[in-house]
Amino acid sequence: MQTLDIHNPATGELIISLQADDAASVAHKAQAARAAQPQWAAVPLAERMACIQRFRSSVVSQLDALALIMTRETGKPIGMSRNELNGLLGRLDFFLAQCAPSTATQTVFDEGGMTEQIQHIPLGLVANISAWNYPWFVGCNVIVPALLTGNAVLYKPSEFASLTGVEIARLLHEAGVPKAVMACVVGAGDVGSALLDQDVDGVFFTGSVATGAKIAQAMGQRFVKLQLELGGKDPTYVCEDADAATAAASLADGAMYNTGQSCCSVERIYVHEKIHDAFVTELVKTVKTFKVGSPEADDTYIGAITRAPQLAVLEAQVADAVGKGAILLTGGKRLPGPGNWFEPTVFSHVNHSMELMREESFGPLIGIQKVSSDAEAVRFMNDTRYGLTAGVYTPDEVRARVLLAQVNAGSVYWNCCDRVSPRLPWSGYGDSGLGLTLSTYGIQTFTRPKAWHLRKA
Ligand code: NAD
């Protein structure tokens with residue numbers, strides 16, 4: 001039997017050794033899911049929706065306990081764990097409200113005895129390989145619309161959020177989703193890789209670019225739907241007409257929320273030279289108020305770094321920036337253990353020769369670069385291999401719209417940041433990935449649109 005050790009990243013303590021899957025158990029679950037899927041697809045949508053409604057009720061009634069499990073295994077501050085679970089409710093409501101209208105059969109032509117229709121049929125069996133940073137969000141963005149549209153799901157939570165993954169599966173099963181239809185497979189990359197060997201109809205992945213590339217390579221010879229939701233290096237531009245204090249408060253939160261471990265964390269800030277110094281002062285002032293502490297304490301804002309190896313990435317970005325002339329304004333080093341801790345860190349005088357302006361930091365680290373025009377800001381924002389989100393702070397809506405229209409990013413923000421809406425598609429340019437989740441497109445993506453040409457005899 002394989003086991004997976006789950007550690008608390010805030011203390012280093014072993015929480016539990018979980019029974020994990022291996023290639024044989026993954027294959028067994030895949031066969032069972034394949035066999036069970038047609039019957040699940042034949043269940044009326046209203047009944048599948050009732051399962052998700054019961055799942056929602058369980059999340060509400062068990063919210064505090066579920067938040068604590070997530071906090072203990074990921075180091076996410078407890079208030080943010082509760083926020084994630086409360087935010088999930090809105091996503092579930094959206095999927096419940098929109099599944100029927102967005103997947104109803106559409107008659108698109110009906111003349112002279114000829115009828116044309118589009119029918120949404122389930123893909124079949126889908127694999128969901130997931131990340132740890134928002135395990136409820138990224139897991140349920142796939143699992144819930146996939147189940148509602150009649151698919152069976154093989155779900156591999158991250159090895160850093162497996163207790164949460166097991167809870168998601170437990171609550172869905174208790175809500176009436178058959179165990180074979182939604183099977184959780186537990187383990188690390190080897191188990192994810194075993195999942196790709198199965199006869200699946202779709203692979204929906206959330207995680208790093210490096211793993212996304214391996215998955216694309218593994219699936220390369222097979223004509224299976226592939227979605228990859230990957231990293232980002234999300235930029236924001238603060239114009240000279242913005243209010244420095246308001247923009248700084250918003251962007252400090254956008255950069256450091258969830259200890260900077262969000263795919264859409266603000267990772268680069270460009271500030272017009274006329275407002276640069278005032279903005280930097282305000283941002284550092286805000287960051288210095290962020291309380292670093294036990295993730296289980298209500299007033300903690302900066303929690304633990306979930307994966308220990310990320311500490312070395314952060315240290316290397318700091319050393320590279322210092323070596324190339326950036327000015328360290330606060331933070332800059334790991335904090336003593338036990339557990340994985342890094343100080344909230346702010347740099348000014350950065351440039352694009354530095355790793356911290358090019359590669360995902362995925363930690364409480366932000367660089368601020370001075371620019372002298374809108375054109376220069378756009379040029380820097382687009383100087384990246386990523387393209388998940390981008391933002392502009394200015395009171396001038398027309399200016400913001402003109403700027404954001406030029407930026408290559410899946411989501412753009414005016415006077416806000418680090419924001420995801422269930423009503424809007426979540427997608428990226430370049431190395432931020434392929435395909436999308438959320439919105440009505442993120443429901444339809446779990447279906448095949450089947451074309452019906454019907455001529456009356
Ligand atoms: P990761 O790539 O290390 O792991 C993701 C998942 O892939 C895990 O479940 C892991 O076990 C599995 N895996 C690893 N090797 C595999 C292999 N060879 N075959 C199959 N599966 C394998 O990523 P992570 O550390 O869990 O997540 C952090 C990354 O995710 C960041 O880059 C972040 O930006 C990104 N992310 C993106 C979004 C988005 O919506 N675009 C959302 C959340 C996180």
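**A buried leucine**

Leucine 172 counts as buried, at 0% relative accessibility, where buried means under 20% relative accessible area, exposed over 50% and partly exposed in between (1.4 Å probe, protein chains only). The model is predicted: local features need pLDDT of at least 70, side-chain atom pairs count only at pLDDT 80 or more, and totals for chains, interfaces and linings use all residues. Residues are numbered from 1 along each chain as its sequence is written, and side-chain values use heavy atoms, with hydrogens and water left out.

**Surroundings of leucine 172**

- Leucine 172 belongs to helix H6 (residues 162-174); helices (H or I, at least four residues) and strands (E, at least two) are DSSP runs, numbered from the N terminus.
- Not counting residues up to four places away in sequence, leucine 172 touches Ile52, Phe55, Ile143, Leu147, Val177 and Met182, contact meaning heavy atoms within 4.5 Å.
- Phenylalanine 55 is 117 residues from leucine 172 in sequence, yet their C-alpha atoms are 5.7 Å apart in space.

**Ligand site**

- The ligand is surrounded by 31 residues, of which the closest are Trp132, Glu159, Ser208, Thr211 and Glu360; a residue counts as near a molecule or strand if one of its heavy atoms lies within 4 Å of it.
- Helix H7 (189-196), strand E8 (202-206) and helix H8 (209-219) each supply at least two residues of the shell around the ligand, and H7 gives the most, with 4 residues.
- An N or O atom in the side chain of glutamate 360 is 2.6 Å from an oxygen atom of the ligand.
- Taken alone the ligand exposes 860 Å², and the protein buries 90% of that; accessible areas come from the Shrake-Rupley method with a 1.4 Å probe, and for residues only the protein chains shown count as cover.

**Strands and sheets**

- E8 and strand E9 (residues 225-229) run parallel and are joined by 5 bridges, with leucine 228 in E9 as the bridge partner of phenylalanine 205.
- Strand E1 (residues 2-7) and strand E2 (residues 14-20) run antiparallel, joined by 6 bridges.
- In the hairpin of E1 and E2, 6 residues lie between the strands, and glycine 12 takes a positive phi near 80°.

**Serine 432**

- Serine 432 lies in the loop between strand E16 (411-414) and strand E17 (433-434) and is buried, with a relative accessible area of 2%.
- A polar atom of the serine 432 side chain lies 2.7 Å from the backbone oxygen of glycine 231.
- Among the residues that serine 432 touches, not counting those up to four places away in sequence, are Leu228, Gly231 and Tyr386.

How values were computed: Polar contact = N/O pair within 3.5 Å; in protein donor to acceptor, adjacent residues only side chain to side chain. Pairing = 2+ DSSP bridges.
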